[in-house]
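Please have the viewer open as you read.

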Amino acid sequence: MLAALRKVPFSVQILLGLVLGAGLGYLARASDVSWLGTTLDTIGSLFVQLLKLAVPPLVFTAIVVSVVSLRGVANAARLAGKTLLWFAITALVSVGVGIGVGLITNPGQGVTLDIAGATAPKKTGSWTDFLTGIVPTNPVGAFVEGNVLQIVFLALVVGAAALLVGKAAEPFVDLNRSLLEIVQKALWWVIRLAPLGTLGLIGHAVESYGWDLLAPLATFTTAVYVGSAIVLFVVYPLVLIVAGRLNPLRFFAGAWPAIELAFVSRSSVGTMPVTQRAVERLGVPREYASFAVPFGATTKMDGCAAIYPALAAIFVAQVFDVALRPVDYLLIAFVSVVGSAATAGLTGAIVMLTLTLSTLGLPLAGAGLLLAIDPILDMIRTATNVAGQALVPTVVAAREGLLDRRAYDSAGRRGLDESPAVTEPTRGDEPAPVPA
């Protein structure tokens, strides 16, 4: 049985888990089978917990190694600057799509929800909290609490210091490389459980969120999925064609396993090893990919930090009968581009949403209205995040003449069945050469 299952392509395994999970979730809800719903919830929760377990060591070691790896990349500062620039450009376009979809669909009009019972989420964001929260008071506490933003800050500082120290820091860098390989190996075991995790997560979602709960928010949910789909399948392909002179179909064939896993796991950081392997398979040099992908996994959030906050702000304003001015839409764009790091690659976008609402002066309790369906929304948001995290390094590498076009075309022809999602990293892999 297991031997036969291994022969099934990884992407097909996830799709099977998706279909079976949806069926079991419907059965649990329709027949009121409580034990089945609890089992599905437990399976999905354990999968997410296993992903989160790897996040602190994965983020720290990946960023330290990636910063030090920039030593071997020609024009490293230029590449880093171009990466940040394209992060901002695509985020700005994405928030524009979110605002546009929101103005067309009016997701908050005619919604009948108990506004009096809405309360602000326990975890909220503000500009002061965001800025002061970057620097940890206790480095150990950042790891214990799983504060990804603080871990990113520590890793960037330590990586930059190790880069400047040079040879004396090599033992420390080697230790981080070894730890990174160990964490990635363990995480690949977790990723192999993705079909089972998919079954549990989707099954629990279907069992928990029936139409009676989704109906009042159906327009908003549809708007989030439509906005994300526009960015995924219209904006990103246009960026690939215009900016990178690349075939979008080959990009999606190479990056799809990461996008698929992101949809299921709802974690950009948990998907990061798959994303990096996909980006390398698309022809991006490993030295650059090892910097751009971890950095993007913690800061590049077109779904969670651009499309969703824009739509949610319009929704909350309409529900609470608050008229948004043109300057408010500019503020939404500003918050989305500058404050996206607040989401930090974990499941959910509540911090970013409350940051946007507080900046606009909208009731934070409005975020509480959307908490019930947040997991449903987070799937497409995270898939969009990861697609953008793979897109930018590919486009930048293409524009800078670093992209291996033959590898890019080859990855497209191989398609999903031979994608990096089913190949574990090996110690013997040699880094891709980086042209001077």
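Predicted model: local features only at pLDDT ≥ 70, side-chain atom pairs only at ≥ 80, totals over all residues.

Residues are numbered from 1 along each chain as its sequence is written, and side-chain values use heavy atoms, with hydrogens and water left out.

**Helix α4 with helix α11**

- The axes of helix α4 (residues 76-105) and helix α11 (residues 218-244) come within 9 Å and cross at roughly 140°; axes are lines fitted to C-alpha atoms, for helices over the stretch in contact, and angles run from 0 to 180 degrees between N-to-C directions.
- Helices are DSSP runs (H or I, at least four residues), numbered from the N terminus.
- α4 and α11 are therefore oblique to each other, the class left once angles under 35 degrees (roughly parallel), over 145 (roughly antiparallel) and 65 to 115 (roughly perpendicular) are taken out.
- α4 passes α11 in a right-handed crossing, meaning that the near helix is turned clockwise from the far one by less than a right angle.
- On the α4 side the contact (heavy atoms within 4.5 Å) includes Trp86, Val93 and Val97, and on the α11 side it includes Ala223, Gly227 and Ile230.

**Helix α15 with helix α17**

- Helix α15 (residues 302-319) and helix α17 (residues 350-360) have axes that come within 9 Å and cross at roughly 50°.
- That makes α15 oblique to α17.
- The crossing of α15 and α17 is right-handed.
- Among the residues making the contact are Tyr308, Pro309 and Val316 of α15, together with Met352, Leu353 and Leu360 of α17.

**Arginine 78**

- Arginine 78 sits in helix α4, and at 45% relative accessibility arginine 78 counts as partly exposed (between buried, under 20% relative accessible area, and exposed, over 50%, with a 1.4 Å probe and protein chains only).
- Arginine 78 and glutamate 400 are 322 residues apart in sequence, yet 9.6 Å apart in space, C-alpha to C-alpha.
- The side chains of arginine 78 and glutamate 400 are joined by a polar contact of 2.7 Å; such a contact is a pair of N or O atoms within 3.5 Å, and within protein one must be able to donate a hydrogen and the other to accept it, with residues adjacent in sequence counting only if both atoms are side-chain atoms.

**Serine 66**

- Serine 66 belongs to helix α3 (residues 34-69), and at 2% relative accessibility serine 66 counts as buried.
- A polar atom of the serine 66 side chain lies 2.8 Å from the backbone oxygen of isoleucine 63.

Notes:
Helix = DSSP H or I, 4+ residues; strand = E, 2+ residues; numbered from the N terminus.
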